[in-house]
Amino acid sequence: MELTAGAKLPVTGVQTGDPFIVIPVNRLLDLMQSLKNEKLFSFDCLSSLTAVDRLKEGRFEVVYHLFSYQHRHRVTLKVYLPRQEDAHLPTVEGLWSCANWLEREVFDLFGIRFDSHTDLRRIMLPDDWVGHPLRKDYKEQEDYHGISTTRPPLIL
Amino acid sequence: MSELHTQEMLLNMGPQHPSTHGVIRFVVKTDGEVMSTAIPDVGYLHRSIEKIAEKATYHGFMPWTDRVDYLAAMNCNYTYALAVEKLSGIETSRRAEYLRVISMELNRIISHLLAVGALGMDVGAYTPFIHGLREREKVNDLIEELCGQRLTYNYARVGGVIYDMPSGWAEKVLAFLDQFAPMVDEFNRLLTDNKILKNRLGGIGVISKEDAIAYNLVGPNLRGSGLKWDLRKDLPYSVYPEFEFDVPVGTGEAGTLGDCFDRYMVRIREMGESVKILRQCFEKIPSEGEPQVKVPKKIRPPAGEIYVRTESTRGDLGCYLVSDGGDKPYRLKFRAGSFNAMSIVEKVSRGMMVADLIAFIASLDIVAPEIDR
């Protein structure tokens, strides 16, 4: 898949709502670089970066919402990763600075690692928390430092 | 004096600190008064709202959106409702859209009042905060009359709004606007034109336009850096194209473009613009139309996804909603302005004075629950 000025990106996901493009993980950085720097696209703003856990399909989807202040157009890109414990993909922190924290959030809540990220730590949860809550098969630990995470129901 | 050895100190500012506007911690590395950096540590208010969404029905999740940003609950209600409506193809009445805009602009005024008042308080001027709160109470009374709540409104619903305005309410809001518009000038005399405030904010915490875009700053923080960009105008939604208003931007009038004073000034001016929009709303509001169209008790949007952005008081609020065809959201993500604003603190704070960090954070108008969600 080559991306040059004038090329049209094939839309792969047609459904209700926004269309999106699925890109292979090994081309992620090339494509993102072109999308940001080519004058035709000029996606200077990474509006959102998040992930979806598709438990039944056995994959994680990392979703990028790009936007261009110059052309006022937007695009949704997705990367499919096999649903494994060591799911990982390259970071786009070098292209959009806001990706640093957004990727940390995805790492914290989904357990997806971003290669060569400068500061990949948990952001919302404590560093010694076990598990990644936004995974669909997440089971909360029973206690945290001796504090129970469950309470008896208020109404019996 | 050259033999004087100094040592770098590691200080914790927060998690409980009067000027962090909620529970946030800053790890400050400082040598005397000059910091080498301040590293924000967030997450103390993480309530896993996104996980809760996966276990609540589409209607049932609505009260949770109030808690995303408690100072702009109207905007959060609306953003979520808009995402659900777009995904399931629900059309609202024009009257409902007007009521939504009225509620959101009232919310913008009181949120900005608190933001500029608290900024004044953080740099040492206590009185303006009280003046701001006094006006805020009046709007709270009006909103209470509209929907019964003073903070977590839960007013915008999927398909419209929950109540029409009570009789005589429009006159009360217009009377408030007549009284409030000159109050902005009073606020300027009290705070903005104060030389000490200008010195405290001018040239401090400068964010260039390039940085603002790279860190995806939104709303007044982005406009303070000189980019004329307002979703209400540039990617319009609801009935905003029908109103005439200006988009204030930073001009660098107290020092450098993109400094704390520019962000402060954008908020002061936006209150005036909201007053303009509200006046036009009451002139143009259609007298017919249901406040809420008929919506199924259990919404099941077709499988798909949507990403909507609206101009909340803290700027561009993104809501990413994925449906698998069931009666609960499969995945919901709020991309909040405060989160991105927080991520730039580490970069901008390098070489700043400790006292200026307080002014800088206040000028970003951060709401802690919106960072953590």
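Among contacts (heavy atoms within 4.5 Å) in chain A between residues at least 6 apart in sequence, 49% join residues at least 24 apart. The model is predicted: local features need pLDDT of at least 70, side-chain atom pairs count only at pLDDT 80 or more, and totals for chains, interfaces and linings use all residues. Residues are numbered from 1 along each chain as its sequence is written, chains are lettered from A and ligands numbered from 1 in the order written, and side-chain values use heavy atoms, leaving out hydrogens and water.

**Chain A: elements and helix 1**
- Chain A has two helices and nine strands (DSSP runs numbered from the N terminus: helices H or I, at least four residues; strands E, at least two).
- Of its 156 residues, 49% count as buried (under 20% relative accessible area, 1.4 Å probe, protein chains only).
- In helix 1 (residues 28-37) of chain A, the buried residues are Leu28(A), Leu31(A), Met32(A), Ser34(A) and Leu35(A).
- Those residues pack against strand 4 (59-67), strand 5 (74-82) and strand 6 (88-90) of chain A.

**Chain B: aromatic cluster**
- Tyr78(B), Tyr98(B), Tyr237(B), Tyr240(B) and Phe243(B) form one aromatic cluster (Phe, Tyr and Trp rings, the six-membered one for Trp, pair if their centres lie within 6.5 Å; planes under 30 degrees apart are stacked, over 60 edge-to-face, the rest tilted).
- Over all chains, the whole structure holds 15 aromatic pairs.
- Tyr98(B) and Phe243(B) are edge-to-face, because their ring centres lie 5.7 Å apart with planes at 90°.
- This pair links distant parts of the chain, 145 residues apart.
- Tyr98(B) is buried, at 0% relative accessible area; Phe243(B) is buried at 5%.

Methods:
Buried means under 20% relative accessible area, exposed over 50%, partly exposed in between (1.4 Å probe, protein chains only).
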